[in-house]
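Welcome, and thanks for taking a look at this one with us. Here is a short briefing to read alongside the structure.

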Amino acid sequence: MKSKQDRMTTINKEILLGFWKIHIMHHAAEGPVVGQWMLQELQRHGYQVSPGTLYPMLKRMEGHGWLRSEVEPSRGPKSPRRYYLTDQGREVLAIVEAQLTELLGELKNCL
């Protein structure tokens, strides 16, 4: 039998990864997010996310057109990137919200 930690690792990889992305888009809809802050925010909600997972995820989300990033020019290339939700990201978030609302309705009936 797997340990609790092994089970959580599997759940994180197989299911919660999508929730992390939704959470990132939610906060980016509210205003710019910085990777380090987002890492702490996800961990505050109980998600086990490492920088080695978060930063490539942000880059992929940017590649999909859901986020855009900026570096503050006055601080130079080493300054933290700020991520913003794009219009395409807002469309994705609306689709996800509709799907989650439907799923939650179904889960309430079976739990």
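A salt bridge here is a side-chain nitrogen of Lys or Arg within 4 Å of a carboxyl oxygen of Asp or Glu. By that rule Arg-68 forms a salt bridge with Glu-70, because their closest N and O atoms are 2.5 Å apart. Please keep in mind that this is a predicted model.

**Overall layout**

- The protein chain contains four helices and three strands, and its elements follow the order α-β-α-α-β-β-α from the N terminus on.
- The protein chain has 111 residues, and buried residues make up 30% of them.

**The strands**

- Strand 3 (residues 81-85) pairs with strand 1 (residues 33-34) in the antiparallel sense, over two bridges.
- On that side, Tyr-83 in strand 3 has Val-33 standing opposite.
- Strand 3 also runs antiparallel to strand 2 (residues 67-71), and five bridges join these two strands.
- For Val-71, the bridge partner in strand 3 is Arg-81.

**Salt bridges and a charge over a ring**

- How many salt bridges does the structure hold? There are two salt bridges, and the pair of Arg-68 and Glu-70 is one of them.
- Arg-68 counts as partly exposed because its relative accessibility is 38%, and Glu-70 is likewise partly exposed at 38%.
- Arg-68 has a further contact: its charged end sits over the ring of Tyr-84, 4.5 Å from the ring centre.
- A salt bridge also links Arg-44 with Glu-41, where the closest N and O atoms are 3.1 Å apart.
- Both Arg-44 and Glu-41 belong to helix 2, and they are three residues apart, about one turn of the helix.
- Is Glu-41 buried or exposed? Glu-41 is buried, because its relative accessible area of 7% falls under the 20% cut-off.

**The aromatic pair**

- Searching the whole structure turns up one aromatic pair.
- Which residues form this aromatic pair? They are Trp-20 and Tyr-47, arranged edge-to-face with 6.4 Å centre to centre and 65° between the planes.
- The pair connects distant parts of the chain, 27 residues apart: Trp-20 lies in helix 1 (residues 4-30), and Tyr-47 lies in the loop between helix 2 (35-44) and helix 3 (51-63).
- Both Trp-20 and Tyr-47 are buried.

**A nonpolar patch on the surface**

- Ile-11, Ile-15, Phe-19, Leu-100, Leu-103, Leu-104, Leu-107 and Leu-111 make up a nonpolar surface patch, and together they have about 730 Å² of accessible area.
- Helix 1 and helix 4 (87-110) each contribute at least two residues to the nonpolar patch.
- Which helix gives the most to the nonpolar patch? That is helix 4, with four residues.
- Leu-107, one of the patch residues, is located in helix 4.
- Leu-107 counts as partly exposed because its relative accessibility is 33%, a value that lies between the 20% and 50% cut-offs.

Terms used: Residues numbered from 1 in each chain as written. Predicted model: local features only at pLDDT ≥ 70, side-chain atom pairs only at ≥ 80, totals over all residues. Heavy atoms only, no water. Phe/Tyr/Trp six-rings, centres within 6.5 Å; stacked < 30°, edge-to-face > 60°. Buried < 20%, exposed > 50% of the residue type's maximum accessible area, 1.4 Å probe, protein only. Lys NZ or Arg CZ within 6 Å of the ring centre and 35° of its normal. Pairing = 2+ DSSP bridges. Patch = residues over 30% accessible without salt bridge, like charges linked within 9 Å, V, L, I, M, F, W, Y side chains within 5 Å. Areas by Shrake-Rupley, 256 points an atom, 1.4 Å probe, with all protein chains shown as cover.
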